[in-house]
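Please open the structure in your viewer and keep the sequence panel beside it.

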Amino acid sequence: MPRTVPVSVCICTMNRPELLADALESIAASATRPAEVVVSDDSADDATEAMVGTRFPWVRYVRGPRAGGIAGNRNAIIDVATQPGIAFMDDDAQVTPDYFDEIAAILEDSPGAVVSGLVRNHLPDGRTVVETPGGVNFLGFPVVPWDAGTSNMLTMSATVFPADLFERTRFDPKLIYGFDEVDISRRASALGYPVLLRRSFVVDHFPQQAGEWYREYTNASRIYSTWNFYRHIQGRPLRAAAFVAVVVPHHLIVGALRRHGLRLAQARNDLRAALRLARA
């Protein structure tokens with residue numbers, strides 16, 4: 001019998017049954033197994049539900065909220081997870097042979113902590129880039145090396161959360177896509193949960209080409225979530241005001257100067273979208 005680890009592996013998916021199947025195959029091939037695998041599906045059709053039911057009957061399938069983006073889907077899957085540890089896994093990721101052994105060690109060595117590892121990104125051009133979690137700067141950009149004791153940007157597919165964290169806080173449902181990792185790390189730190197790095201904890205990730213919508217959401221999410229952190233999580237209104245005073249001209253100037261990518265009109269749209277999130 002395979003060794004079983006008391007963790008709920010939670011996979012949020014939308015319209016990618018083939019990638020999800022590869023992710024679930026990697027779990028099935030592991031010598032050490034999670035006690036529970038839950039898939040929350042925001043797909044527009046029934047193809048994913050049919051695939052899971054036919055090929056992976058041991059997986060618990062639930063329909064996602066189908067509104068509100070990735071943060072809302074994560075919150076929906078938390079509601080049905082039953083194990084003391086929760087590990088979110090992207091539907092385009094695959095576990096390594098020792099992935100669940102690492103989780104077992106994390107649950108034993110660091111109970112009550114949020115522990116994040118590394119992601120090996122296998123890019124479409126054949127390159128492999130290792131992503132290490134780290135911190136964010138004043139404007140919310142993830143450019144700061146990991147520093148224990150500060151709020152850090154987790155690698156979501158290689159992070160184990162204590163389930164009781166989500167009895168006290170949840171993912172911000174306003175974050176449709178992007179920066180939910182930073183936001184939940186900040187919330188955990190503010191509640192006194194240690195946020196730790198374990199470099200031997202690794203997952204393989206096969207990222208797909210991101211569309212224009214991805215950049216639009218991530219820019220607005222970065223601006224909103226950083227302001228929300230200063231204003232509401234830290235309770236520092238002056239710092240939040242200083243952030244707004246800096247981020248608005250910075251974002252507009254960057255948009256005006258770049259010939260490719262971000263443009264001035266898009267920068268204005270980003271700021272309007274962040275404002276709508278703050279007012280919602």
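The coordinates come from a predicted model.

**Stop 1: helices α1 and α2**

Select α1, residues 17–28, together with helix α2, residues 47–55. The two pack at an angle of about 25 degrees, and their axes lie 10 Å apart. Because angles under 35 degrees count as roughly parallel, α1 and α2 are described as roughly parallel to each other. In passing α2, α1 makes a right-handed crossing. To see the contact itself, show side chains for P17, L20, A21, L24 and E25 on the α1 side, and for A47, T48, M51, V52 and R55 on the α2 side. Sorted by class, the residues of this contact comprise 7 nonpolar, 1 polar and 2 charged.

**Stop 2**

Next, select N15, which sits in the loop between β1 and α1. Its phi is near 60 degrees, a positive value in a residue that is not glycine. Most residues other than glycine have a negative phi. With a relative accessibility of 43%, N15 counts as partly exposed.

From there, move to D92, in the loop between β4 and β5. Is D92 buried or exposed? Its relative accessible area is 7%, so D92 is buried. If neighbours within four places in sequence are set aside, the residues in contact with D92 are R16, L19, H205, F206, P207 and Q208.

**Stop 3: helix α3 and its cover**

Now select helix α3, residues 69–78, which is mostly covered, with 8 of its 10 residues buried. Those buried residues are I70, A71, G72, N73, R74, N75, I77 and I78.

**Stop 4**

What does the side chain of D180 make with the side chain of R74? The two side chains form a polar contact of 2.8 Å. D180 is itself buried, with a relative accessible area of 3%. Apart from neighbours within four places in sequence, D180 is in contact with I70, R74, M156, F171 and L175. A further distance can be checked in the viewer: D180 and R222, although 42 residues apart in sequence, are 9.2 Å apart in space, C-alpha to C-alpha.

F179 belongs to the loop between β10 (159–162) and α5. Here too phi is positive in a residue other than glycine, with a value near 70 degrees. The relative accessible area of F179 is 9%, and F179 is therefore buried.

**Stop 5: S116 in strand β6**

Select S116, which is found in strand β6, residues 114–122, and counts as buried at 0% relative accessibility. Two polar contacts can be drawn from its side chain: with the side chain of T159, at 2.9 Å, and with the backbone oxygen of A158, at 3.5 Å. Beyond neighbours within four places in sequence, the surroundings of S116 can be displayed by selecting its contacts P133, L154, T155, A158, T159, L196, L197, R198 and F201.

**Stop 6: P145 in an exposed loop position**

Turn to P145, in the loop between β8 (134–135) and β9 (152–153). P145 is exposed, with a relative accessible area of 61%. Not counting residues up to four places away in sequence, P145 touches G134 and G135. The C-alpha atoms of P145 and G135 are separated by 5.7 Å, while the two residues are 10 residues apart along the chain.

**Stop 7: helices α7 and α8**

Finally, select helix α7, residues 237–257, and helix α8, residues 264–279, which pack at an angle of about 155 degrees with their axes 7 Å apart. That angle makes α7 roughly antiparallel to α8. Their crossing is right-handed. On the α7 side, show V248, H251, L252, G255 and A256, which meet L264, A267, R268, D270 and L271 in α8. The residues of this contact divide into 6 nonpolar, 2 polar and 2 charged.

Terms used: Residues are numbered from 1 along each chain as its sequence is written. This is a predicted model: local features need pLDDT of at least 70, side-chain atom pairs count only at pLDDT 80 or more; totals for chains, interfaces and linings use all residues. Side-chain values use heavy atoms; hydrogens and water are left out. Axes are lines fitted to C-alpha atoms, for helices over the stretch in contact, and angles run from 0 to 180 degrees between N-to-C directions. Helices (H or I, at least four residues) and strands (E, at least two) are DSSP runs, numbered from the N terminus. Angles under 35 degrees count as roughly parallel, over 145 as roughly antiparallel, 65 to 115 as roughly perpendicular and the rest as oblique. A crossing is left-handed if the near helix is turned anticlockwise from the far one by less than a right angle, and right-handed if clockwise. Contact means heavy atoms within 4.5 Å. Ala, Val, Leu, Ile, Met, Phe, Trp, Tyr, Cys and Pro count as nonpolar, Asp, Glu, Lys and Arg as charged, and the others, Gly among them, as polar. Buried means under 20% relative accessible area, exposed over 50%, partly exposed in between (1.4 Å probe, protein chains only). A polar contact is a pair of N or O atoms within 3.5 Å; within protein, one must be able to donate a hydrogen and the other to accept it, and residues adjacent in sequence count only if both atoms are side-chain atoms.
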